[in-house]
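Thanks for making time this morning.

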Amino acid sequence: MAWLNTFIQGSLLGGIYALFAIGLSLSFGIMRLVNIAHGDLIVLSAYVALVVSQGTGLDPISCLVIVVPVMFALGYALQRGLLNQTLSGGLLPPLLVTFGVSIIIQNGLLQGFGAYTQRLQEGAIETASLQFPGGISIGVYPIVVFGVALLALGSLQLLFYRTGLGRAFRAVSDDADTAELMGVDNRKLYAVALGIAMIFTAIAGVLFAIRTNFDPAAGPIRLILAFEAVIIGGLGSMWGTLLGGMILGIAQSVGAALSPTWQILAGHIAFLIILIVRPSGLFPRTRD
Amino acid sequence: METDRVERGTRASRIFAVVAVVMLAVLVAMPWWGDAGEMRLVAEMAYYLALAQLWNLLAGYAGLVSVGQQAYVGLGGYALFYLTGALNMNVYLALLIAGPFAGLLSIPVSIAVFRLRGAYFAIGTWVVSEVFALSASLIAVLGAGSGLSLTPAIVREIAPDRAGREAILYLMTLAISVLVFGIVYLLLRSRHGLALTAIRDSEPASASLGVNTFRTKFIIYVVTAACTGLVGGLIFLQKLRVSPEAGFSINDWTVVVIFMVVIGGIGTLEGPFVGMLVFIFLRELLADYGSYYLILMGIIAIAVMLKAPSGIWGWIAQRYDLQLFPVGRRLALAPSGDVSKP
């Protein structure tokens with residue numbers, strides 16, 4: 001029964017990792033951009049929510065009404081003003097520019113908020129749990145987060161396969177030059193894409209900050225977890241990302257069950273093993 | 001009669017070689033004219049320069065953009081402390097082993113990370129470094145989360161008094177920095193260097209001309225790891241303490257190094273010098289303002305990447321056709337009286 005419990009907790013933990021990964025996966029899938037600042041943008045969302053929550057007295061989840069548009073605008077501006085300029089020049093420019101953005105966000109937050117750990121308070125839902133036979137107790141909050149991850153992936157599926165915007169996204173992903181010839185304004189489309197990626201990043205940032213303490217240096221490990229979920233699931237596969245997150249979560253739960261200090265390390269080791277055994281992930285779609 | 005020949009140096013490079021030797025002699029004499037603070041700063045510049053040259057070799061020449069080189073800095077530091085502390089090894093012998101030890105561990109690492117391309121390679125190397133850091137924080141003989149310190153007996157082994165110790169560590173840092181530079185320079189002038197330059201310019205084209213791109217990259221990765229481990233051992237010999245956080249710090253050993261190389265000029269040997277000087281200058285200038293110097297470095301690096309991707313040195317080299325450390329080959333045509341020949 002203990003192992004079943006570990007398995008369930010780990011799978012649910014995968015929900016937040018899948019949410020971390022969606023933004024990264026989107027920007028890679030559409031514009032082949034690997035955003036090193038992704039983790040810092042997750043943490044930045046949490047800080048925006050913190051400021052809004054303190055300013056308005058709203059609870060963090062209600063703050064999303066403000067945080068989501070703010071992060072969409074930031075993503076749009078970041079892509080339009082900065083990252084679009086890096087897309088034609090090979091591997092180094094996007095990597096190093098987003099690397100620079102990452103350091104600027106981290107140190108900007110450090111200067112603005114100090115190195116203190118922060119936490120968003122959502123109230124009773126954080127500790128509520130459901131009891132099942134066999135002594136298994138599952139937190140309500142992880143179930144909610146997992147549900148949000150399912151909803152997010154479902155809505156992306158609808159966006160990609162049922163709307164004109166989604167068709168344009170798929171077109172530039174397959175062949176950016178030809179899409180442009182067909183009348184797609186790639187630069188604007190990329191800006192919208194990063195904006196949409198930031199919507200999911202904002203949701204992920206707020207949901208994670210309700211559960212976990214964060215500080216200005218909390219971004220890089222979120223980037224690594226998102227990246228591991230994406231690679232395990234297979235590049236470009238949305239539902240694969242969810243499974244990747246779940247596998248990562250289960251590996252971490254098993255590690256934590258052995259010894260609490262093993263949690264993160266067990267996830268990394270599972271990732272490296274999958275990388276060696278199946279370098280293209282479990283459900284590869286995009287060819288790099 | 002003169003014939004066409006391949007030139008490997010330029011007039012500027014020969015003049016600069018003399019200047020460089022004089023400058024180096026002045027720095028070697030520093031224990032006799034400088035104070036301890038100045039020596040520490042120059043030593044720091046020397047090891048940052050070595051790290052920057054090594055990262056530049058990896059990313060600028062071999063196209064292996066790693067953000068996980070802190071793994072080898074930490075491994076070098078831990079190897080030194082473990083060998084001297086737990087096994088009572090002589091400190092100089094331990095330092096000599098630290099480099100090859102890091103190089104040896106980089107071989108299994110390369111099996112995993114070489115499966116990833118481009119930016120994914122970058123993050124993969126980072127994960128590996130995290131694995132090393134987390135492992136070090138779990139292993140009891142490595143001091144777990146709090147790390148290891150050098151015992152006073154080992155410190156006295158370097159030199160009995162403080163001034164002597166500072167002079168010896170300073171000279172060792174200088175020597176290793178020159179050694180690392182020498183290795184990178186000679187490697188780039190060798191046939192591996194030619195292969196590397198070809199890979200940097202076009203991997204498929206060089207592969208089709210018979211360059212074994214995998215083997216070349218593998219050799220560079222292992223050599224770089226070994227040298228980074230050696231520098232790491234030296235860094236923590238000066239700091240006298242190593243912990244998982246300090247040893248495997250991405251900010252200290254990789255982020256600032258990347259900024260130096262990018263700002264100075266990636267893919268040139270002169271660039272890391274320029275970038276290191278810019279970094280140290282900004283840091284000393286903004287020393288009283290917390291981490292603003294890092295924000296400024298980030299902004300400058302972004303601006304350089306977008307507006308002048310070849311960096312400060314690349315811009316100078318292009319404008320004045322200047323090469324201080326030439327690694328290429330130029331064809332010098334023999335003077336000929338026959339002007340009708342093209």
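This is a predicted model: local features need pLDDT of at least 70, side-chain atom pairs count only at pLDDT 80 or more; totals for chains, interfaces and linings use all residues.

Residues are numbered from 1 along each chain as its sequence is written, and chains are lettered from A and ligands numbered from 1 in the order in which they are written.

Arg189(B) belongs to helix α8 of chain B, residues 162-189, where helices (H or I, at least four residues) and strands (E, at least two) are DSSP runs numbered from the N terminus. From Arg189(B) to Pro108(B) there are 81 residues in sequence and 28 Å in space, taken C-alpha to C-alpha.

Beyond its neighbours within four places in sequence, Leu296(B) is in contact with Leu282(B) and Leu286(B), a contact meaning that the C-beta atoms of two residues, placed from the backbone, lie within 7 Å. Leu282(B) is 14 residues away from Leu296(B) along the chain, and their C-alpha atoms are separated by 8.4 Å.

Two loop residues of chain B deserve a look at their backbone. Most residues other than glycine have a negative phi. Asn88(B), however, has a positive phi, near 55°; this residue is in the loop between α4 (70-85) and α5 (91-113) of chain B, and it counts as exposed because 11 other C-beta atoms lie within 10 Å. Leu240(B) also has a positive phi, near 70°, in the loop between α11 (213-239) and β3 (241-242) of chain B, and with 14 C-beta neighbours inside 10 Å it is partly exposed.

Chain B has 16 helices and 4 strands, and 44% of its 342 residues count as buried. Chain A has 11 helices and 2 strands, with buried residues making up 51% of its 288 residues, and its C-alpha atoms fill a box of roughly 60 × 50 × 35 Å along the principal axes.

How do helix α1 (residues 2-31) and helix α8 (residues 186-211) of chain A pack? Their axes are 8 Å apart, at an angle of about 170°, which makes α1(A) roughly antiparallel to α8(A). Here axes are lines fitted to C-alpha atoms, for helices over the stretch in contact, with angles running from 0 to 180 degrees between N-to-C directions, and angles over 145 degrees count as roughly antiparallel. The residues of this contact comprise 18 nonpolar, 3 polar and no charged; Ala, Val, Leu, Ile, Met, Phe, Trp, Tyr, Cys and Pro count as nonpolar, Asp, Glu, Lys and Arg as charged, and the others, Gly among them, as polar.

The largest nonpolar core has 198 residues, of which Leu19(A), Val206(A) and Val231(B) touch the most other members; such a core is a set of buried Ala, Val, Leu, Ile, Met, Phe, Trp, Tyr and Cys residues joined through C-beta atoms within 7 Å. α8(A) gives the most to this core, with 18 residues. Not counting residues up to four places away in sequence, Val206(A) touches several residues, including Ser45(A), Pro60(A) and Leu120(A).

Finally, which residues form the contact between the chains? Chain A contributes 34 residues and chain B 33 residues. On the side of chain A, α4 (92-113), α9 (219-233) and α11 (263-277) are the elements that give two or more residues, and α4(A) gives the most, with 13 residues. By class, that side of chain A has 23 nonpolar, 9 polar and 2 charged residues.

Key: Angles under 35 degrees count as roughly parallel, over 145 as roughly antiparallel, 65 to 115 as roughly perpendicular and the rest as oblique. A residue is buried if 20 or more other C-beta atoms lie within 10 Å of its own, exposed if 12 or fewer, and partly exposed in between; C-beta atoms are placed from the backbone.
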